[in-house]
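Subject: Structure for you to look at

Hi,

Here is the structure I promised to pass on. Have a look at it first, and then read on for what turned up.

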Amino acid sequence: APAVLTAGRYVDALRECGGEPWRRFCDAPSHAANAVSGGGALGLGADAGFDRRNGGSIVEARRAVGAIDMPSAGTMPSSSASDGAPADAEERRCRALVSASFSRAAEALLSAVKTGAAGGGPLLNHLRAIRSTFLLAQGDFLVHFLDQATEELSQPASKVVLSRVQSLLEMSIKSSSCASDVLLDNVSCDLERHGIVTTLLRIYDTSGDRTSDGAATASDTDEFATSTGLELFTLSYDAGWPHSVLLSRRALTKYQLLFRHLFTCKFLERRLCATWRLQQRTRSIQGGSLGVNCSLCAKMLFFIQNYIYYLTFEVFEPNWVRFEKDFAESRTLDALIEKHEAFLDTCMKECLLFKPGILRRLEAAKATCLRFCAGTLRRLAPGPDGAGEEQLDHSHIEAVAQDALFYTANEELAKTFQEQLQSLVGALKSSTLLETNLSHLVHRLAADPEVLL
């Protein structure tokens, strides 16, 4: 029964695809089915009710999967010992026919979706387009995008003009190395209503809180009102039918969570690099608070760059290689969907998105880094993102170097960051016994001797 129902779903999906895949599927004779049924399968002649103009009929669908006229209830073979052989023969005949029909329907649907014969282009091209953007496999577009959109997205989320951000995103993609990929026209941007940690807690229900719907809605509204566009920015992708069977709302939500996690890390790296570039212009001034400031910036860069390396080269790349192999070996659409979900779940698990406790520690360390960048850029150069570094006033820099308040602020940030990093590494170490993939990340983050104290 499950095979019959699944074959029916496959045929229904093929009929929804319509066009050439459906006509080819209906026109092809069911040799296996006719051979097993001894000619009992419905014929494929013009009198069977085939109508190419409206996409086919129920009779056509039954004919397409090699359906046979089953015996009535009164003539069903008995399972008694006296006529066990005929019953077994009839059951084997039916099972073989169902198996042949299932295989034919599964192969036809998978081929139509994979090759793009049903429209929209090959499925693997869509997946590669998503990998290029959501997982930043070709992430140079993000550099162009942040160059143009940082000012807009730095505003409160409620003040961000999404149409303007969408235009900047399209311009950035067209200026990148993946500009020739027409499927990237399906990429759009959006702002979520709440942060990534809150989203994960709502999805996986790991918080244990049982608040009323009204309280949850109020919390979402407050978070949207108090967050910047950078914290809530995400991408979306319109795959269209039939690729939306694989790239469902559930799968896209997972891609969005992975993108948001990586996007905030890349933005933090960008801010730290801007801070580092600014510090290089103050190297002629030795000692004082600038020494502490430069040392802390180097530690933060070491932390975030190693974590980004872990995400891209130790999580996304090897898992994608395995998924491409599974993609080629899948024999049914259901098997392919299962492999795709397993790929996304593995990426989310190894990116710590299934571990709210560790994720909170990571987000706290990232928030400290952003606070450090904002304070340093504000004190050393005017303008956002260090835009005024060309007009540095060296007398002002010397005054900052001797500023006791700036020195104290850097010392406090260094102490806070050190404690947060030690807490994060400790939590990661406790997880390495069950998840050995984290051992490399722990080893690199703990390379700083102060982290081990």
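For what follows, a salt bridge is a side-chain nitrogen of Lys or Arg within 4 Å of a carboxyl oxygen of Asp or Glu. Keep in mind that this is a predicted model. With that rule, the count comes to 12 salt bridges.

One of them joins R131 and E317, whose closest N and O atoms are 2.9 Å apart. R131 sits in helix α6 (residues 123-133) and E317 in helix α13 (residues 289-329), so this pair ties together parts that are 186 residues apart in sequence. E317 is partly exposed, at a relative accessible area of 29%.

Another pairs E152 with R164, with 2.8 Å between the closest N and O atoms. Here the link runs from helix α7 (residues 140-153), which holds E152, to helix α8 (residues 162-174), which holds R164, so the parts tied together are 12 residues apart in sequence. E152 counts as buried at 9% relative accessibility, whereas R164 is partly exposed at 45%.

K266 and E269 also meet in a salt bridge, at 3.6 Å from N to O. Both lie in helix α12, 3 residues apart, or about one turn of the helix. K266 is partly exposed, with 28% relative accessibility, while E269 is buried, with a relative accessible area of 17%. There is also a network: R250, K254, E341 and D345 are joined by salt bridges that share partners.

Now for the residue I'd ask you to look at: R260, in helix α12 (residues 249-280). Leaving aside neighbours within four places in sequence, R260 is in contact with E192, H194, G195, I196, T199, E231, L232, F233 and T234.

F233 comes up again in the strands. It is the bridge partner of L191, and β1 (residues 187-191) pairs with β2 (residues 233-237) in the antiparallel sense over 5 bridges.

For the overall picture, the protein has 18 helices and 2 strands. Of its 453 residues, 45% count as buried. Looking at contacts between residues at least 6 apart in sequence, 78% join residues at least 24 apart.

Last, a word on confidence before you set anything up. The mean pLDDT is 78, and 72% of the residues reach 70 or more. Residues 31-82 have pLDDT below 50, though beyond near neighbours in sequence this stretch has 77 contacts in the model. Residues 206-221 are also below 50, with 10 such contacts. Where pLDDT is low, the predicted coordinates should not be read in detail.

Cheers

Technical notes. Residues are numbered from 1 along each chain as its sequence is written. This is a predicted model: local features need pLDDT of at least 70, side-chain atom pairs count only at pLDDT 80 or more; totals for chains, interfaces and linings use all residues. Side-chain values use heavy atoms; hydrogens and water are left out. Helices (H or I, at least four residues) and strands (E, at least two) are DSSP runs, numbered from the N terminus. Contact means heavy atoms within 4.5 Å. Buried means under 20% relative accessible area, exposed over 50%, partly exposed in between (1.4 Å probe, protein chains only). pLDDT is the predictor's confidence in each residue, from 0 to 100. Two strands pair if DSSP finds at least two bridges between them.
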